[in-house]
Amino acid sequence: MKANLEVFSETLQALAAQDRQVIAVTSDSRGSGKLVPFGEKFPDQIVEIGIAEQNLVGVAAGLAAMGKKAFAVSPACFLTARSLEQIKNDVAYSDNPVRLIGISAGVSYGALGSTHHSLHDFAALRAIHNLPIVVPADAFETEQAIRYASATDKPIYIRFGKKNMPDLGQSLSPNFEIGKGRIIRAGADLSLIATGETVWPCVQAVELLAEQGISAQVISMHTIKPLDTDLLASLGAAGKPIITVEEHSVHGGLGEAVGSYLFQQGFFVPFQIMGFPDEYTVTGSQTEIFDHYGLSGAGIQGVALNLLNR
Amino acid sequence: MNIEALKAKSKQYRKQIIEVIYQAKAGHTGGCLSIIDLLNVLYNHVLRISTPTDPMRDRFIQSKGHAVEALYVVLADQGFFPFDDLKSMGKYQSPYIGHPTKKIPGMEQNTGGLGHGLSICAGNALAAKKDQSDLKVFTILGDGEMAEGSNWEAMMFAAHYQLDNLCAILDYNKLQISGPNAKVMGLEPIKQKIESFGWSVKEVDGHDIEELVESFDALPFESGKPSFIIAHTVKGKGVSYMENVAKWHHGVPDPAQFEQALAELA
């Protein structure tokens, strides 16, 4: 059990030790980004911007244009809203390979409320050309995603939370490849396609469903864009029900991307999007909020049973 | 290039700007004519750019992206692409659009949204410092653009990191799209504001070639501080009926106006 945020910090330190071009750019976010040790070990490779997210992304673009591997690290809520135009123009459109790291994403900040939640970021960023969206689910995926980000010469957005996440294992999908979903649990009766911190409750749902003789598979769709359409086509052809689960609004996220692909390809399978409804988000911890909206093993189980009985 | 040669260049560029905009039937005429002397001195006297891809080149990012026709004319004159290519400007599938893009040799960034260039320049300048490179970084900002808060974020940053390899130039023609700055959103006292943000500031006549050369030669104005040049300019400079008239922000001359403009610039 380890938080993806911790894994990010450790991985970035390992990368920085090997490559002086790796630079962390923070908006008074080195504490919340677990980058205090990074700053102590590599003082020349961290740039503090202060609480100024537009400048954070603009400066990171300027660093990236000069060959620096700039990781712009800021809470996902601010990074993808306050600096959206900088992301669109200075990173994606200008093709400056900034590594946009949205920390404490989704409802990780729990009771701090909607100012600190990012339930819009997939929707906002999916409509911007030249920006992959990656949402790792566990330590393995997080480390792989950060290493990929360092190696690529293109822009990328990676978002994750700060809660300890169980290791999902690599027995069924030993590799991590951007744009390719990973099978976490195999099953024949329906598919649960989730991303980030919602993959784990799907695994819990699989166990509950197994007790009722239902065999569900879980896919970690860690890349929201580009979407793994090969995998979706195979699921569509199989014709079994599909449920998508995400820590994001039901509008414009993973679920709508998956549904849009399936529908346009002529795959009409029983289908349900699970995420956050279009309402003021309930107050609570991340876990309480997940439970409230059914993003739990039992909640997903219930939706699965309904879909199977349709 | 000597002063007389630079003055001749300004004349040539002004005519070419009018020609390009007249042919495209679109463009930001007033702003192009107000920044052209700045661009002239930058590209023909200040910037060290052996090729557009030389990693050691000085960087210029035109934050005031809409005055792109002026930049097109100057970059063509640098030999980065043929001037005649600009005949396609604004046409279907042309790479020459109404704002700077990196597709064009010599253009550093895609600008056009206001309040973006200074932050990117600050990132360039910081990277150069980290690399112990002596390259310099320049931007031109519009006066209306100074209302964008992101500029002031970047100003704080550049002073904090003592980026004395960075120079921002304000094209202060006092007019923006809907009228005088003073009515839309007042900037004054702009010099004191910028100084209070930790920059070293110099005010110049933005059309006086000799004064511009002297000012750029004096960079950085203070060691350890970013430099800011407030260039007092005239929107539409050089064409009598365009000067200081806000509607020429993106006005396009009709045939008679076109002939008159070329005659005045001859």
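Modeller: Two strands pair if DSSP finds at least two bridges between them. Helices (H or I, at least four residues) and strands (E, at least two) are DSSP runs, numbered from the N terminus. This is a predicted model: local features need pLDDT of at least 70, side-chain atom pairs count only at pLDDT 80 or more, and totals for chains, interfaces and linings use all residues. Residues are numbered from 1 along each chain as its sequence is written, while chains are lettered from A and ligands numbered from 1 in the order in which they are written.

Start inside the sheet. Strand E2 (residues 137-142) of chain B runs parallel to strand E3 (residues 166-172) of chain B, and six bridges join them. B:Phe138 stands opposite B:Cys167 in E3(B).

Now the helices on the sheet. H4(B) lies across E1, E2 and E3 of chain B. Its direction is at about 170 degrees to E2(B). Angles run from 0 to 180 degrees between N-to-C directions; axes are lines fitted to C-alpha atoms, for helices over the stretch in contact. H8(B) also packs on the sheet, where it touches E6 and strand E7 (227-232) of chain B. It makes about 165 degrees with E6(B). Contact here means C-beta atoms, placed from the backbone, within 7 Å.

The whole sheet is open and has five strands, in the order E1-E2-E3-E7-E6 (chain B), with parallel pairing. Strand E1 (59-62) and strand E6 (200-205) of chain B are at the edges with a single partner strand each, so one side of each has no neighbour in the sheet. From one strand to the next, the twist averages 20 degrees.

H8(B) has a helix partner too. Helix H2 (residues 29-46) of chain B packs against helix H8 (residues 209-217) of chain B at about 50 degrees, axes 10 Å apart. That makes H2(B) oblique to H8(B); under 35 degrees would be roughly parallel, over 145 roughly antiparallel, 65 to 115 roughly perpendicular, and the rest is oblique. From H2(B), B:Asp37, B:Leu38, B:Val41, B:His45 and B:Val46 meet B:Ile209, B:Leu212, B:Val213 and B:Phe216 of H8(B). These residues divide into seven nonpolar, one polar and one charged. Ala, Val, Leu, Ile, Met, Phe, Trp, Tyr, Cys and Pro count as nonpolar, Asp, Glu, Lys and Arg as charged, and the others, Gly among them, as polar.

Technical notes:
Two residues are in contact if their C-beta atoms, placed from the backbone, lie within 7 Å.
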